[in-house]
Amino acid sequence: MMITRIYVDNFLCLGNFEFRPKQLNLLLGENGSGKTSLFFAVKLVRDLVVLGASAASLFAFKKTIWDRRDLQSFELEIEGLDGTFSYRLEIQHPPREAPQKPHIKGEYLDFDGRPLFRYGGGEVHLSMTITRREPFSHSNRSTAFFPTWSRRIREFDGSRTSLHG
Ligand SMILES: Nc1ncnc2c1ncn2[C@@H]1O[C@H](COP(=O)(O)OP(=O)(O)O)[C@@H](O)[C@H]1O
Ligand SMILES: [Mg+2]
């Protein structure tokens with residue numbers, strides 16, 4: 001597994017920034033040019049998706065100060081043995097000076113260009129080997145669906161089994 005693309009928009013000093021790492025990379029740049037910010041972006045996405053930390057705490061005050069757009073986005077491309085995963089995270093920031101915290105607007109996971117996972121507006125759509133007509137509900141806009149998804153699918157599978165069994 002290897003990260004082959006990192007895209008960051010409206011995060012600290014990085015706007016519409018794309019980096020396509022190779023197996024060995026050298027990042028050179030003056031102090032304050034954004035080297036650390038790039039790794040920080042990947043770390044925050046990791047904390048959200050793997051550790052289940054809240055978007056409100058992770059992304060507060062991380063928007064580019066001179067960018068007037070409220071939407072911040074991150075994309076990762078990960079090449080595995082059998083194909084490429086693309087993940088996109090959208091963070092909605094409150095309007096300037098508003099008291100609300102940032103929240104997750106959307107999450108998208110594709111495998112080789114095919115959608116596996118979509119989150120937005122309180123609904124999660126999964127397209128996997130299990131099929132489900134109804135979306136999973138996920139009303140917590142601050143934590144990602146991923147940290148709990150395997151448990152939820154097991155629960156869903158279990159309830160389906162008992163329904164038919
Ligand atoms: N919210 C923000 N919006 C825009 N720029 C920011 C924000 N917070 C910090 N910065 C700027 O981002 C830069 C931080 O760069 P950094 O990633 O630490 O660079 P490096 O690791 O290359 O020295 C600094 O120039 C800092 O002024
Ligand atoms: Mg640095």
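Colleague: Which residues have the most contacts inside the largest nonpolar core?
Modeller: Val-8, Ala-41, Val-45 and Phe-74, in a core of 19 residues. (A nonpolar core is a set of buried Ala, Val, Leu, Ile, Met, Phe, Trp, Tyr and Cys joined through C-beta atoms within 7 Å; buried means 20 or more other C-beta atoms within 10 Å of a residue's own, exposed 12 or fewer, partly exposed in between, with C-beta atoms placed from the backbone.)
Colleague: And which elements give two or more residues to that core?
Modeller: Strand E1 (2-9), helices H1 (35-49) and H2 (55-59), plus E3 and E4. H1 gives the largest share, five residues. (These are DSSP runs numbered from the N terminus: helices are H or I with at least four residues, strands E with at least two.)
Modeller: Mind you, this is a predicted model: local features need pLDDT of at least 70, side-chain atom pairs 80 or more, while totals for chains, interfaces and linings use all residues. Residues count from 1 along each chain as its sequence is written, chains are lettered from A and ligands numbered from 1 in the order written.
Colleague: What does Phe-74 touch?
Modeller: Tyr-7, Val-8, Ala-41, Val-45 and Leu-89, ignoring residues up to four places away in sequence. (Contact means C-beta atoms, placed from the backbone, within 7 Å.)
Colleague: New topic: is Gly-83 buried or exposed?
Modeller: Exposed, because 12 other C-beta atoms lie within 10 Å. Gly-83 sits in the loop between E3 (71-79) and E4 (84-92).
Colleague: What is Gly-83 in contact with?
Modeller: Phe-111 and Asp-112, leaving aside neighbours within four places in sequence.

Note on methods. Contact = placed C-beta atoms within 7 Å.
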